[in-house]
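Here's a quick walk through a few spots in this fold. Have the sequence and the model open side by side as you read.

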Amino acid sequence: MIETELLRRAAEGERLSSAEISALDAGSSLDELMHAAAARRDRAHGQLISYSKKVFIPLTQLCRNVCHYCTFAHPPRKGEHAYLSIDEMLAIAEAGAALGCKEALFTLGDKPELRYAQARRELAALGHETTIAYLAEAAKAVLDRTGLFPHINPGVMNADEIASLRKVSISQGLMLETASSRLSERGGPHFGSPDKHPAARFATIGAAGAQSVPFTTGILIGIGETHAERIESMLQLRDSHDEFGHIQEIIVQNFRPKPGTVMASMPPASTEDHLRATALARLIFAPEMNIQAPPNLSPRELERLVDAGINDWGGVSPLTPDHVNPEAPWPHLDELARRTRGCGKVLIERLAIYPAYARDLTRWADEDLHRPLLRAIDGEGFPRVDDWCPGAVTDLPKDDVALVTKPHVLRNGDLSRLLAKTQRGVGASEKNIAALFRARDSEFTAVCRAADELREEVNGAIVSYVVTRNINYTNICSYHCRFCAFSKGKTSDALRGRPYSLSLEEVAVRVREAAARGASEVCMQGGIHPDFTGAHYIEICKAAKAAVPRMHVHAFSPLEIQQGAQTLGVSTREFLSALKAAGLGTVPGTAAEILDDDVRATLCPDKLNTAEWLDVMRVVHGIGLRSTATIMFGHMERYEHWARHLRRLRQLQMETGGFTEFVPLPFVPMEAPIYLKGRARRGPTFREAILMHAVGRLVLHPHVPNIQASWVKMGRTGVHVCLQAGVNDLGGTLMDESISRSAGASHGQEMTPAEMEATIVTAGRVPRQRTTTYASVARESMANAPAA
């Protein structure tokens, strides 16, 4: 009974004490341990099994240690250099980059210069005193010239050496192998190898943790240690991780005897021992820990290793052999994916820095590495696998497009239940919404299908659009939003275009032109001009309505409204009432960006905060005006921030009912200052952009009936896919789009009504021209619309 309760607690993700681990191990069968380990793994990692696509760079195979099972290290050989040259290492890395590798694994012997004169002579000729110093030069060269991210396994290091390598690598590693000093005694596999003493290795592991280095370690089983010593090794590693939080993966590696070594006649670690140690590793560490087993060392047991709780296969190379285990070839990635899928899992590529650490680069990576890492990852911290970028004219990623409508079998019961709840209009927690954004493969398909089923239920086959003209009345702005490439001012960066301010007469001209071309709406926004007061915004409304009395004025973000009220010394309600009296019809829900103050503190530090944005919208709705709701995503935030944003919109909509639609705005990076300075991602991936529309439909149901896709950001082929994932509106024809264009978007300034309707019909839907508030359009506007 005690063991049954321990198994239940372990499977549910609870932490077990060392005594409880021992009791669990003693009283449970292998199958019971594996079942609990798999359940514990699934709580944190779901359907994903990761790997890193790498090249193996053996900088030197000289080593001062003499491990009795190793064939990687050898003494100096006549006619051979002790070290690879920089050019030789670059050649390996360049060949790997051409094959899509992202990791350069540097493996080498421990400090050979302390043992071999040849190593000292060659290092001196290379301009270095130590192997570590030469390694730092090599890693930097590979990073700078090939783009591969170094992961470094140089053996035992001191704090200064770890610090020097942190500047040129995204992760480091050192296998503990064992915590048993007994194996370093005479007759043991580590005798004569001072760097294999557990105290030395734990000192390195701890020093790496003290410097916030994402770290790889693990145990080697079958080299003479006892079962109890394996458990003790993992418990001590858990203690180190408890202190620093830096151990990103635990490798459970099985010993394989090699000819020509002292231990050639020893039997390999048994499959049962390997599986048991793997399952125990999963049960000892938190569910979030990454547990790895090298697939080339157990090629017949991959399925059982998945059953034992692993979530990672480690580095796999399409180019270089495993120089440490040359007798064990890497599996082909297609075969690895097939066998992983056969276990009900999905193979996904990762970087040498795991996603949880990549999401917190300020802590876990040197500042000089932030730019290349941010450009390489998605919002979860996995690598981007396609070239799609919001606003850019590029091909859509075929796999993601196919998945949107692909027939699927969903094996995740928790996700099935969550989707069913959201379809019924039940609110979702932040954790559950974030889980929706992590959907990949068949789970991605399921989210998209559930969203589109809701779209069919709420909106039918109708896809609406509005004939509108954007009038950005000034691009001069005193604010310093770090994503904005539109605003200009004395303190602005060198961005596209010149500063301007439209006169009221020019505003009126543009409104009349819009009416002549069939527009039912003008959308008017601008920078926060230091000379403008709320009175000027009122005059803009009056000018527009005087020019064309029937024209709907959709104008002024919550930031403009707040600033206008403050400059007049009146309340938000008083100012909005004055705007309404002057002709304001609705309010665009821009300036929302991400409704989370942790993000806003970096992204738009002087802009109104989350509560202020919501308060302005509450007043907008309170005086009888409607508004849109937006999110600008894919820069420096996380999925949890997206979830908070959606929950805040839903809560306000339940209170006021004032939002007409939800409009996801993918971050267009090309000219954005925060991206140019290396502090933002390259916009959302296509998968993430589609999911924002789909998850928005699900989370905001039934309170927000319309989900809009931005053709300016997504492109015309992109919005076609959005229409299969919950979208029922394509927004405005625009006529003069300039904000996204300033940021680098290339999808044009206008989509005519004819083009809009052709896009909709091609998607198998029925087009409908609408007003700003989704009513039918006046006949006069309909008659003029073709002229647009």
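Leu 105 counts as buried because its relative accessibility is 6%, where buried means under 20% relative accessible area with a 1.4 Å probe and protein chains only. Leu 105 sits in strand S2; strands here are DSSP E runs of at least two residues and helices are H or I runs of at least four, numbered from the N terminus. Skipping residues up to four places away in sequence, Leu 105 touches Lys 54, Val 55, Phe 56, Ile 57, His 151 and Asn 153, with contact meaning heavy atoms within 4.5 Å. Ala 672 lies 567 residues from Leu 105 along the chain, and their C-alpha atoms are separated by 33 Å.

A word on the ground rules. This is a predicted model, so local features need pLDDT of at least 70 and side-chain atom pairs count only at pLDDT 80 or more, while totals for chains, interfaces and linings use all residues. Residues are numbered from 1 along each chain as its sequence is written, and side-chain values use heavy atoms, with hydrogens and water left out.

| Residue | Relative accessibility | Place |

Ser 557 is in contact with Gln 525, Pro 588, Thr 590 and Ala 591, leaving aside neighbours within four places in sequence.

Next, helix H6 (residues 131-146). Its end C-alpha atoms are 22 Å apart, which agrees with the 22 Å that 16 residues should span at 1.5 Å a residue (the expected span being 1.5 Å times one less than the number of residues). The buried residues of H6, including Tyr 134, Leu 135 and Val 142, pack against strands S1 (48-60), S2 (103-108) and S3 (149-153) as well as helices H4 (86-98), H5 (117-126) and H7 (159-166). Just after H6, Gly 147 takes a positive phi of about 85 degrees.

What about the largest nonpolar core? A nonpolar core is a set of buried Ala, Val, Leu, Ile, Met, Phe, Trp, Tyr and Cys residues joined through side-chain atoms within 4.5 Å. The largest one has 125 residues, and Met 524, Phe 556, Leu 584, Trp 613 and Ile 690 touch the most other members. Helix H28 (residues 686-700) gives the most to this core, with 10 residues. Apart from it lies another core of 88 residues, with Leu 108, Leu 123, Ala 269 and Val 316 among them.

Finally, Ile 433, Leu 436 and Phe 437 in H18 meet Arg 687, Leu 691, Met 692, Val 695 and Val 699 in H28.

Technical notes: Buried < 20%, exposed > 50% of the residue type's maximum accessible area, 1.4 Å probe, protein only.
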